Amino acid sequence: MSDAYIALADGRVLEARARAPGRTRGELVFTTAYTGYEESLTDPSYAEQILTFSYPLIGNYGVRTERFESDSVQPRAAIARELTDDVAEWLAGEGVPAVDHVDTREIVTTVREEGAMACGIAAGPDATPEDAVAEMEACKPMSDHVDIGAQVSVTEPTVHEGGGAADVAMLDCGAKGSIVSSLTERGADVHVLPYDATPEDVATVDPDVLFVSNGPGDPENFVAAHEVVDAFAGDLPMAGICLGQQVITSALGGSTEKMAFGHRGVNQPVKDLRTDKVVMTTQNHGYTVADTGPLEVTQVNVNDDTVEGLDSEELDVITRQYHPEANPGPHDSLGFFDEVLELAQSTPHVAAD
C-alpha cells in the first residue's frame with residue numbers, strides 16, 4: 001500500500017513514496033535542471049507551487065547551506081523520481097512534504113500538455129487518496145494569491161554593502177540571494193526594500209538605480225511596485241529580473257500574461273537580436289510580457305519567441321526575463337550586472353514625483 005498520494009486537477013491520483021510527511025497543495029510545475037536542487041528549493045519564485053524535478057536523482061551531492069538562495073524551502077512540496085536521504089531529511093526538517101518513487105516523466109508530460117495545474121499531496125502513514133484530492137480541490141489559482149509578496153519579502157529595509165560604487169534600491173518581491181551578491185561583488189551597496197515600499201521609501205535611499213527583483217505569482221498583484229516604477233519612470237535608471245521585467249513593463253504601459261507551463265530550468269536558449277548570439281540561461285517563471293509598451297525587445301527565447309530582454313535608452317531601463325545571476329546554471333549572462341551598474345552612473349539622483 002502506498003504511503004503518499006498526488007492528486008492532479010485532471011482527476012488522476014498517483015501513488016508515491018513519502019519521504020517527508022505532510023499534506024499540502026499548490027500549482028504543479030517542473031524544472032529541467034539536473035543540478036542546483038538546493039538553489040531551486042530555496043528560490044522564493046517557487047512560493048505556492050509544487051516542484052517536480054525532471055532529472056531522476058536529486059541529492060547526489062548533499063545539501064550545502066552556502067548554496068541556499070533564501071533562508072527556507074520555498075515550494076509547498078517536492079516531487080522526484082528518487083530523493084537521497086540528505087534531501088529528504090532536509091525537507092522533513094523544514095516541514096515540507098516530499099515524495100518520490102513516482103514516474104516524473106508522466107508528470108512532466110502532463111504539465112507540458114495540459115499546463116501548470118492544481119495539485120494536492122498527502123504523504124505519511126495515515127495518508128489517503130481522499131486527503132490528496134481534498135488538498136487539490138482547495139488549491140487557489142496563482143493569480144488569486146494577491147498577497148504573495150508578503151510571504152517572500154523582507155519586512156524592514158536592509159543594506160548589503162559592496163564598497164559604495166553605486167547605491168541600488170532593490171524592491172524585494174522575492175529576491176534570490178545571489179542577485180544581491182552579484183551586485184555587491186561589483187562594488188554596489190544594495191538597499192533591499194520590502195515589496196510594498198512606497199516612492200518615498202525609495203527616495204529616502206537616494207539611489208543611483210532602481211532594481212525590481214524576481215518573485216512568485218502574478219506580476220499584476222504587485223501594485224506597490226508598479227506605483228514605484230511609475231513614480232520614477234524617466235528620472236531614475238531601472239533594471240529588473242524575471243518578475244521585475246514584468247512589473248516594469250506593466251507599469252510603463254505594457255501588459256503581461258500567464259504561460260501554459262512556463263520556463264523553469266538551466267537550459268533555455270536566448271537570442272540577442274542586436275548581436276545574433278545565443279546564450280543558455282537559467283529561468284523560473286510562469287508569466288511573460290505580452291505587450292512591451294515603450295520598451296524595445298532586445299532578446300527572445302529561441303524555443304517560443306517570448307520576450308527575454310527589454311531596453312530603453314530614453315528611459316534608462318534594462319530588464320531580463322531569465323536569471324543572469326545563474327545560480328544554478330551557465331554563466332553566459334553575468335554581464336547584465338555590469339550593464340546595471342553602468343546605468344547607475346548615467347543619471348543624477350532624483351526625488352520621487
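Biologist: How many helices and strands does the chain have?
Modeller: Helices (H or I, at least four residues) and strands (E, at least two) are DSSP runs numbered from the N terminus, and the chain has ten helices and 19 strands. Its radius of gyration, taken over C-alpha atoms, is 20 Å, close to the 20 Å that the globule rule (2.2 Å times the number of residues to the power 0.38) gives for 353 residues, so the chain is as compact as a globular protein of that length. This is a predicted model, in which local features need pLDDT of at least 70 and side-chain atom pairs count only at pLDDT 80 or more, while totals for chains, interfaces and linings use all residues. Residues are numbered from 1 along each chain as its sequence is written, and side-chain values use heavy atoms, with hydrogens and water left out.
Biologist: What share of the residues is buried?
Modeller: Buried means under 20% relative accessible area with a 1.4 Å probe, counting protein chains only, and such residues make up 59% of the 353 in the chain.
Biologist: Why is helix α6 described as largely enclosed?
Modeller: Six of the eight residues of α6 (residues 177-184) are buried, so the rest of the structure largely encloses this helix. Among them are Ile 179, Val 180 and Leu 183, and the cover over the buried residues, judged by contact (heavy atoms within 4.5 Å), includes β11 (166-172), β12 (188-194) and α10 (336-344).
Biologist: And what share of contacts joins residues at least 24 apart?
Modeller: Among contacts between residues at least 6 apart in sequence, 69% do.

Key
Buried means under 20% relative accessible area, exposed over 50%, partly exposed in between (1.4 Å probe, protein chains only).
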